[in-house]
Amino acid sequence: MASTPAQAQDRSTPVFTVPMTAAVQALPVAAEVRDGYQRTSFKHWNAGQNPTDGCNTRAEVLLSEAVDPPQVLPGCKLSGGRWWSYYDSKWITPAGALDVDHMVPLAEAWDSGASQWTPERREAYANDLDIPTSLVAVSAASNRSKADQDPAQWLPPTVEATCRYVSEWTGTKLRWGLTADAVELEALSQLAEACPGTTVAYQPVP
């Protein structure tokens, strides 16, 4: 698979940027298995990248993605601020009207290989702040519409967001070595063909 490595800003692990069609073809294929899944198998939200600032992972995502930054009050309570929910092209305020979405939902990750991970790796997955596409602040309505569905079942209501979304979904699966089932892979392949020129960037987690 042709790839173009580029050094990450904060890590020595290379970031690979590949055409979306090639990225989809690189996904390992396997049947999904939901047996034993519990949301509590993925510890979240933890203390985030700065455990001393009182802000958990969710709050750190909101702070990093705010278009108009909120005021941070004691206990990391966020006041004011404004966010752009790219799934449905809506401005959202206040922070409580947002969900922080796991690009590949926890249940989907479990089905796709995370059931075999250690609890520590599952916690790292659920709180992945090392790249901006793993966790995304979006309207609560769009996140709850998505639930734990993959792109064969759900796509953002804003059609213009489709290529970006599929790129970020595929990149997240490659980053964490997650599999795709046959129906998902077929959908991703068709979507990739409909997104010519779109690339997928991913930084593999060891």
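Reader: What is the pairing of the bonded cysteines in sequence order?

Author: The model is a predicted one. It holds two disulfides. One joins Cys55 to Cys76, and another joins Cys163 to Cys195. With the bonded cysteines numbered in sequence order, the pairing is 1-2, 3-4.

Reader: Is the disulfide of Cys55 and Cys76 right-handed or left-handed?

Author: The sulfur atoms of Cys55 and Cys76 lie 1.9 Å apart. The torsion about their S-S bond is about 100°, so the disulfide is right-handed.

Reader: How many residues apart are Cys163 and Cys195?

Author: A disulfide joins Cys163 to Cys195, with an S to S distance of 2.0 Å. Cys163 is in helix α6 (residues 162–176), and Cys195 is in the loop between α7 (182–193) and β9 (199–202). The pair thus links distant parts of the chain, 32 residues apart.

Reader: Is Cys195 buried or exposed?

Author: Buried residues have under 20% relative accessible area. Cys163, at 24%, counts as partly exposed. Cys195 has a relative accessible area of 4%, so Cys195 is buried.

Reader: Which residues form a nonpolar patch on the surface?

Author: One member, Trp84, is found in strand β5 (residues 83–85). Patch residues need over 30% relative accessible area, and Trp84 is partly exposed at 37%. The patch has about 300 Å² of accessible area in total, and the residues that form it are Val67, Trp84 and Trp91.

Terms used
Residues are numbered from 1 along each chain as its sequence is written. This is a predicted model: local features need pLDDT of at least 70, side-chain atom pairs count only at pLDDT 80 or more; totals for chains, interfaces and linings use all residues. Side-chain values use heavy atoms; hydrogens and water are left out. Patches are made of residues with over 30% relative accessible area and no salt bridge: like charges are joined within 9 Å, nonpolar side chains (Val, Leu, Ile, Met, Phe, Trp, Tyr) within 5 Å. Accessible areas come from the Shrake-Rupley method with a 1.4 Å probe; for residues, only the protein chains shown count as cover. A salt bridge is a side-chain nitrogen of Lys or Arg within 4 Å of a carboxyl oxygen of Asp or Glu. Helices (H or I, at least four residues) and strands (E, at least two) are DSSP runs, numbered from the N terminus. Buried means under 20% relative accessible area, exposed over 50%, partly exposed in between (1.4 Å probe, protein chains only). A disulfide is a pair of cysteine sulfur atoms within 2.5 Å.
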